[in-house]
Amino acid sequence: MPTVELLFSAQPEHVRTARLVAAAVARRAGVDEAALDEVRLAVGEACSRAVGLHRNNGVEDPVRVRLTEEEKKFSIEVADEVPGNASGGSPDGGEDEAADDEGEMGLAVISGLVDDLEVIEGENGGIIRMSWPTPGL
Amino acid sequence: MDLSLSTRTVGDRTIVEVGGEIDVYTAPKLREQLVELVNDGSYHLVVDMEGVDFLDSTGLGVLVGGLKRVRAHEGSLRLVCNQERILKIFRITGLTKVFPIHTSVDEAVAATD
């Protein structure tokens, strides 16, 4: 069960809130102070990408962020509700290529920042899963 | 923390002082500012990022877009930044090779290459 779960409507103004919440929970979980900037940036990138996917595909469901304290790590999942690998182009002809490029640049930043990263594209949407080590309980 | 923008000119350079957070929500304001400057004929821009607390890939995209616009007019776009956490984002994306990054506005204004 996640320590904190956050659902927000796919609006750019809420991404900042997600960043602040994730950083606060990560700090409490014991993530190294020096890594909190990375957490903030990585969560922001993942949420911006999800917001872009929802908006470009007309998905009205919220974006979901799960923050979980585990025994020796702190993990974050950002889930979108856009089926398949939507980053490959929008189904209506890819008119919003710029937005897709931004999503890809976001992923590039995340992979540069996060050592433990998994990107899952499923039938019901995508999940970006990342974690940072913590000292343990 | 929202985005703050102010501009001033020094010789043929236009300094854009940016403060606050540049993210998916605020980046469009920076984009508008850069587009407006280029449309008004300012082709040599110095973006002072010393007051920036947060920058993400949307912000990087806007800066790259600005660079593309000024280059179309044989202009330049220089950055001023000393903050390690912001510089890191330019490094991991390889954009340190694309933007001249200076330690002060004076240095950026004096640069000619």
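Residues are numbered from 1 along each chain as its sequence is written, while chains are lettered from A and ligands numbered from 1 in the order of writing. As the model is predicted, local features need a pLDDT of at least 70 and side-chain atom pairs count only at pLDDT 80 or more, whereas totals for chains, interfaces and linings use all residues.

The model scores ipTM 0.88 and pTM 0.89. Chain A averages 88, with 86% of its residues scoring at least 70. A stretch to read with care is residues 88-95 of chain A, where pLDDT stays under 50. For this stretch the model has 6 contacts beyond four places in sequence, two residues being in contact if their C-beta atoms, placed from the backbone, lie within 7 Å.

Chain A holds 3 helices and 5 strands. Helices (H or I, at least four residues) and strands (E, at least two) are DSSP runs, numbered from the N terminus. Read from that terminus, the elements of chain A follow the order β-α-α-β-β-α-β-β. Of its 137 residues, 39% count as buried; a residue is buried if 20 or more other C-beta atoms lie within 10 Å of its own, exposed if 12 or fewer, and partly exposed in between, with C-beta atoms placed from the backbone. Among contacts in chain A between residues at least 6 apart in sequence, 69% join residues at least 24 apart.

Turning to chain B, 5 strands make up an open sheet of mixed pairing, in the order β1-β2-β3-β4-β5. Strands pair if DSSP finds at least two bridges between them. At the edges lie β1 and β5 (101-102), each pairing on one side only. Strands β2(B) and β3(B) run parallel and are joined by 8 bridges; B:Ile15 has B:Val46 of β3(B) as its bridge partner. A further 5 bridges link β3(B) to β4(B), again in parallel, and here B:Val47 stands opposite B:Leu79 of β4(B). Strand β4 of chain B (residues 76-80) has 4 of its 5 residues buried, so it is largely enclosed by the rest of the structure.

Helix α1 of chain B (residues 27-39) has 13 residues and reaches 18 Å from its first C-alpha to its last, close to the 18 Å expected at 1.5 Å a residue; the expected span is 1.5 Å times one less than the number of residues. Buried along α1(B) are B:Ala27, B:Leu30, B:Gln33, B:Leu34, B:Leu37 and B:Val38. They cover an arc of only 130° around the axis, which puts them on the same side of α1(B); the arc is that of the directions from the helix axis to the C-beta atoms. These buried residues pack against β1 (3-10), β2 (13-22), β3 (44-55) and α2 of chain B. The face turned away from the buried side carries the exposed B:Glu32, B:Glu36 and B:Asn39. After α1(B) comes B:Gly41, with a positive phi near 95°.

Conventions:
pLDDT is the predictor's confidence in each residue, from 0 to 100.
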